Amino acid sequence: LSNHLSTSSDSDADASSDEDRPEQPSSPASGSSSHQQFEPAPRCRVCVIGGGAYGTAMATVCARNEHDVVLLVRNGEQADAISKQHRNPRTLSEFELPHNVTATTSLAEAVEGAALVILALPAQATPAWLAANRNNLPEDVLLCSTAKGLHLESKQLLSHAMRRALGRRSPPLAFLSGPSFARDIMQSDPTAVVVASSYLPHAVAVQRIMSSLSFRVYTSQDTVGVELGGALKNPLAIGAGMIEGMGLGTNTLAAFVTRAANELRELCVAMGGRADTIAGLAGVGDLMLTAFGQQSRNRRCGARVVAGERLEDVVSEMTVEGVPTATVACHYADQCGLELPLFRTVAAVLDGSVDARDAKDAIMGRPLKREMWPRQPPRGRRGGVEGDPAVGGGTRGAQLRGRALAPSVPQLGGSPVL
């Protein structure tokens, strides 16, 4: 990887915090706008696994930066159309793809010489794909996952399921998240995302390969917060769709999204993520996109379910990551001793145990309380149920809410081993 990115600055590699640093003006790269004050990565080869809408968008982002991009798809006709006609016939076919995007059905051909492999697969399919193909992936290639979900089968963070699938020879991992509809990316609408890796230079490598004047990538080392923010906002976006489907107004939606953001932060911090990560692109940013955006599958799912459609019919037509994630989110809430009424209500409506219209009154009729608890110095370790009282963790926070703490939860990398 260092051979491809030999111009990385020492300040990036030695950074101990993911807070924004002042940008230093530099000479614009060849062919770039005079407004671009950052140096892109040297030209390299990028492999994108998955020929769906988001995979197509990721391939386009990298190709616009003059990298050589290979899309791995399952269908030979789709591969031929992408390579020869420069269009993906299965999705976003109205957009012409850059001519430096090709496609193949051969994994060996796709990953040969790649500096970066972007995994643009559904969350539930990602670990199984890695387990089946791990011996065909170069050991030192950087893998960047764009999936936003929790692993339902193991009730783990997707990163933990991925590492287990990869075994001992796990390549370096990074995780990209944030408010980014594929269609908007293809239209070159200015988009900002965040990529997280426990080893910051890996996140910086992805940042430099992908960043441009229309696609800005921030970095983070909070992999737990970035993963959980991207995953847990999905069931909350289903709840926003339910509000729309019931014909309720903007007052209701604004109140729901605000309180949903609070629950998202509370659960993520209890699991070892950072509150400021949830306040950023991977948390509140992505929640706003999926709660308000017309392209959101999670939002459309919620609206259709409360309109009377069967959930099974909805998910048979499109991938809705928020449906399986709702169940896992409630499991996490139980393990951390958190109430989280909005998460639980969405899950109950989805499994049919509660009617959405009854849920509305149940939420509004809950005991009255203070909106926010005053911030106090954290007690005990960061994360887990001993975290910051302001976000629901810590002994004092639990006592103020009148509920007992959950039993101690084993920890692995800041996230419960469930």
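Val61, Arg64, Asn65, Ile185, Ser188, Asp189, Ser212, Ser214 and Phe215 line the second largest cavity, and about 60 Å³ of space lies inside that cavity. A cavity here is a set of points, on a 1 Å grid over the protein atoms alone, where a 1.4 Å probe fits but cannot get out, and lining residues have an atom within 4 Å of a point. Grid points are joined across faces, edges and corners, and a volume is the space filled by probe spheres set on the points. Three of these lining residues are nonpolar, four are polar and two are charged. In this sorting, Ala, Val, Leu, Ile, Met, Phe, Trp, Tyr, Cys and Pro count as nonpolar, Asp, Glu, Lys and Arg as charged, and the others, Gly among them, as polar.

Before we walk on, note that this is a predicted model, in which local features need pLDDT of at least 70, side-chain atom pairs count only at pLDDT 80 or more, and totals for chains, interfaces and linings use all residues. Residues are numbered from 1 along each chain as its sequence is written, and side-chain values use heavy atoms, with hydrogens and water left out.

Let's stay with Ser188 for a moment. Serine 188 sits in the loop between H7 and strand E9 (191-196). Helices (H or I, at least four residues) and strands (E, at least two) are DSSP runs, numbered from the N terminus. The phi of serine 188 is near 65°, a positive value in a residue other than glycine. Most residues other than glycine have a negative phi. With a relative accessible area of 35%, serine 188 is partly exposed; buried means under 20%, exposed over 50%, and partly exposed in between (1.4 Å probe, protein chains only). Glutamate 66 also has a positive phi, near 70°. This glutamate is found in the loop between H2 and E2 and is exposed, with a relative accessible area of 52%.

Where does E2 sit, enclosed or open? Four of the five residues of strand E2 (residues 68-72) are buried, so E2 is largely enclosed by the rest of the structure. Strand E1 (residues 45-49) runs parallel to E2, and five bridges link them; two strands pair if DSSP finds at least two bridges between them. One such link joins arginine 45 to aspartate 68 in E2. Together E1, helix H2 (residues 53-64) and E2 form a right-handed β-α-β unit. Right-handed means that, with the strands pointing away from the viewer, the path from the first strand over the helix to the second runs clockwise.

Now follow E2 to another neighbour. Strand E3 (residues 101-104) is parallel to E2 and joined to it by four bridges, and valine 69 has valine 101 of E3 as its bridge partner. E1 has a further partner too: four bridges join it to strand E4 (residues 116-119), again in parallel. E1 is mostly covered, with four of its five residues buried.

Next come the open spaces. A pocket is an open set of grid points with protein on both sides within 12 Å along at least five of seven lines. The largest pocket has a volume of about 1,300 Å³. Its lining holds 41 residues, and Gly52, Ala53, Tyr54, Ala120 and Arg297 lie nearest the centre. The elements giving two or more residues to this lining are H2, helix H7 (182-186), helix H9 (223-245), helix H12 (281-292) and helix H13 (297-306). By type, the lining has 17 nonpolar, 15 polar and nine charged residues.

How many cavities of 30 Å³ or more does a search of the whole structure find? The search finds four. The largest cavity has a volume of about 90 Å³, and its lining includes Ser145, Lys148, Phe175 and Glu227. Strand E8 (173-177) and H9 are the elements that give two or more residues to this lining, with H9 providing the largest share, four residues. The lining divides into six nonpolar, four polar and two charged residues.

Finally, look at the cysteines. Cysteine 268 has 0% relative accessibility and counts as buried, and cysteine 301 is buried as well, at 0%. A search of the whole structure finds zero disulfides, a disulfide being a pair of cysteine sulfur atoms within 2.5 Å.
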